[in-house]
Amino acid sequence: LRSAGLEKTHPEFASLMKEYDDGVVLYKAEQLEVWTKSTVTDSAIRQYYQDNKGKFMFPERVRLAQIEFDSDTVAALVYDSLTRGADFATMADEYNSGNDLKGKGGVRGVVPVDADEEAKHANQLGVGEISIPFESTEGGYAIVKLLGREPAREKTFEEAGPEASNMYQEELSKRLEKAWI
């Protein structure tokens, strides 16, 4: 297009091409001055983590198991069995309508106390207690068992590593970009 002489005969095209050229130059300069200088080293991430530990926190969490049901009738029958001493894990493996929980005894693992309705219900229980059936997040019904509690705490470096790396690189890039501009 340039060889066709359009820049000389069409001022808007000439302006657009200048904007394009300036953008390429700016992109290359930013790449040299910001992106290539914002490489992340393990020691820099460790130092960033040490200086900012308060930013890397786990909220209060609960360990729970749950059984999901499509109907409230089945939920009520299973709840009755549980109150009469049936094993929660066995009942979960047999009756869970949630495929991701089958074969795991209904164990979901550790989740923040406000993650969903199931976690909120579990948070109201004592360790080892089970809830009455309630409407679940998935639209059916659920029974949960509180397996344990974990208070809010700082993450270890290993737990916070990817998050710390991303935050460090973002802050470094912003600092380099601001200095460059």
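A residue counts as buried under 20% relative accessible area, as exposed over 50%, and as partly exposed in between. Keep that in mind for the side chains I will go through. What you see is a predicted model.

First, the overall layout. The protein chain has 7 helices and 6 strands. Along the sequence they run α-α-α-β-β-α-α-β-α-β-β-β-α. Of the 181 residues, 31% are buried. If we take contacts between residues at least 6 apart in sequence, 66% of them join residues at least 24 apart. The chain exposes about 11,400 Å², and carbon and sulfur atoms supply 53% of that area.

Now the salt bridges. The count is 9. One of them pairs the side chains of Arg63 and Glu150, at 3.8 Å from N to O. Arg63 sits in strand β2, residues 61–69, and Glu150 in strand β5, residues 141–150, so this pair ties together parts that are 87 residues apart in sequence. How exposed is Arg63? Its relative accessibility is 32%, so Arg63 falls in the partly exposed class. Glu150 is partly exposed as well, at 22%. Both residues also belong to a salt-bridge network that includes Arg61.

Two other pairs. Asp80 bridges to Arg84, with the closest N and O atoms 3.0 Å apart. Asp80 is partly exposed at 35% relative accessibility, whereas Arg84 is exposed, at 68%. Then there is Arg153 with Glu159, where the N to O distance is 2.9 Å. Arg153 is partly exposed at 30%, and Glu159 is partly exposed at 34%.

Note on methods
Residues are numbered from 1 along each chain as its sequence is written. This is a predicted model: local features need pLDDT of at least 70, side-chain atom pairs count only at pLDDT 80 or more; totals for chains, interfaces and linings use all residues. Side-chain values use heavy atoms; hydrogens and water are left out. Helices (H or I, at least four residues) and strands (E, at least two) are DSSP runs, numbered from the N terminus. Buried means under 20% relative accessible area, exposed over 50%, partly exposed in between (1.4 Å probe, protein chains only). Contact means heavy atoms within 4.5 Å. Accessible areas come from the Shrake-Rupley method with a 1.4 Å probe; for residues, only the protein chains shown count as cover. A salt bridge is a side-chain nitrogen of Lys or Arg within 4 Å of a carboxyl oxygen of Asp or Glu.
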